[in-house]
Structure formats: structure tokens, C-alpha cells
Amino acid sequence: MKKEKIIITYGTFDMFHIGHLKLLQRLKQHSDKLIVAVSTDEFNKVKGKTTMIPYAQRAEIVANIKCVDMVIAENDWGQKVEDIQKYNVDIFSIGDDWKGEFDFLEEYCEVLYLERTENISTTKLKKSLSNFLSIPKEDIINAFEIIEALKKDFE
Ligand code: C2G
């Protein structure tokens with residue numbers, strides 16, 4: 001009986017977007033079983049990241065992505081070796097923004113860096129959101145009134 005190929009990845013997955021989805025789908029193409037370790041809110045503080053979506057919801061979203069077979073919590077930087085041995089992992093993989101950072105894991109399993117999806121990131125989404133939210137309400141109302149007037153002209 002051929003051993004199922006198990007792959008593991010780690011991430012925050014805040015404001016889940018197409019970049020996250022494409023990474024998870026590509027990971028599943030390299031494996032039979034995909035395990036995703038989602039960073040807890042406490043660990044993100046250690047990483048210097050603030051998230052919009054709390055851990056429980058990010059983990060539930062990732063767990064309900066079709067290609068994901070199992071979600072575990074990422075609590076610290078040091079748990080990867082233990083996870084690889086505990087879950088009998090064949091491949092550790094992550095986006096190439098981490099290129100070289102986890103080469104030390106090659107002692108325990110295959111290490112694979114995958115190209116990130118361009119032009120989308122949670123940081124960018126947050127920036128657009130804050131730009132939008134920083135527009136004074138009056139300006140937004142004015143803009144809609146102008147559009148309404150234009151619409152009438154075209155009717
Ligand atoms: N990603 C991607 N394309 C994007 C954005 C993200 O492929 N446009 C990938 C990242 O490379 C990463 C995964 O999606 O592999 C999750 O990204 P983040 O949520 O930003 O993860 P990060 O906070 O970098 O956590 O121990 C490792 C850390 O937990 C990684």
C-alpha cells in the first residue's frame with residue numbers, strides 16, 4: 001500500500017484572498033494530504049502582525065477550503081520539527097517570500113518554496129480599506145450625487 005504523501009504549510013491567512021487559495025491548491029497538487037498550521041493571535045503578536053480576523057474564524061475558513069485536509073494551530077516558531085515528525089510529513093512548503101528561511105528542515109523532510117501570487121496581499125487589502133475609510137463621508141456622498149446626476153443625463 002503506497003504511503004500517502006503528506007504536506008504541511010504555515011501561515012496567518014488573514015482576510016483570506018486568492019493568493020492564499022492558489023497556494024493551498026498548488027500544495028494539494030503536490031500531495032495526498034494537506035495540513036495547514038494557522039498562526040494563533042498570540043503568535044502573530046510575536047511575529048509583529050495584527051490581524052483583522054481572529055484565529056478561530058481564520059482556522060474555520062481554512063478548514064473549509066476543499067483542498068485542505070487538516071488544520072492545526074501554529075503557536076511558535078519552534079514547533080515545525082515536532083509537527084513534521086508527529087504527522088509523518090513528507091514535504092514542508094511555503095510561499096517564496098520565505099525563501100531559504102526553512103532550509104534547516106531539509107534534515108527532516110523535503111522543503112519546497114512556491115511562487116507567491118502577484119498583486120494581492122492582506123497588507124495591500126488593509127491599505128485599500130484604510131484609504132477608502134479615510135475618505136471624508138461628505139466626499140463620498142458628493143461623489144454619489146454627481147454619479148446620480150450623470151445617470152439622469154444619460155437617461
Ligand atoms: N501567499 C501567496 N501569495 C500571496 C500572498 C500570500 O502565495 N499573494 C502565501 C504566503 O507566501 C504564505 C501563505 O500564503 O505561504 C500565507 O501567507 P501569510 O498569511 O502572510 O503567512 P505569514 O504571516 O507569512 O506566516 O511560520 C511561518 C509563518 O506562519 C508564515
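Modeller: The side chains of aspartate 69 and lysine 28 meet in a salt bridge, with 3.0 Å from N to O; the term stands for a side-chain nitrogen of Lys or Arg within 4 Å of a carboxyl oxygen of Asp or Glu. This pair links distant parts of the chain, 41 residues apart, since aspartate 69 lies in the loop between α3 (55-63) and β3 (70-74) and lysine 28 in helix α1 (residues 18-29). Helices (H or I, at least four residues) and strands (E, at least two) are DSSP runs, numbered from the N terminus. Aspartate 69 counts as partly exposed at 40% relative accessibility, and lysine 28 is partly exposed at 23%, where buried means under 20% relative accessible area, exposed over 50%, and partly exposed in between (1.4 Å probe, protein chains only).

This is a predicted model, in which local features need pLDDT of at least 70 and side-chain atom pairs count only at pLDDT 80 or more, while totals for chains, interfaces and linings use all residues. Residues are numbered from 1 along each chain as its sequence is written, and side-chain values use heavy atoms, with hydrogens and water left out.

The structure holds 7 salt bridges, and another of them joins the side chains of aspartate 90 and lysine 3 at 2.7 Å, N to O. Here aspartate 90 sits in the loop between α4 (80-86) and β4 (91-95), and lysine 3 in the segment before β1 (6-11), 87 residues apart. Aspartate 90 is partly exposed at 26% relative accessibility, and lysine 3 is partly exposed at 40%.
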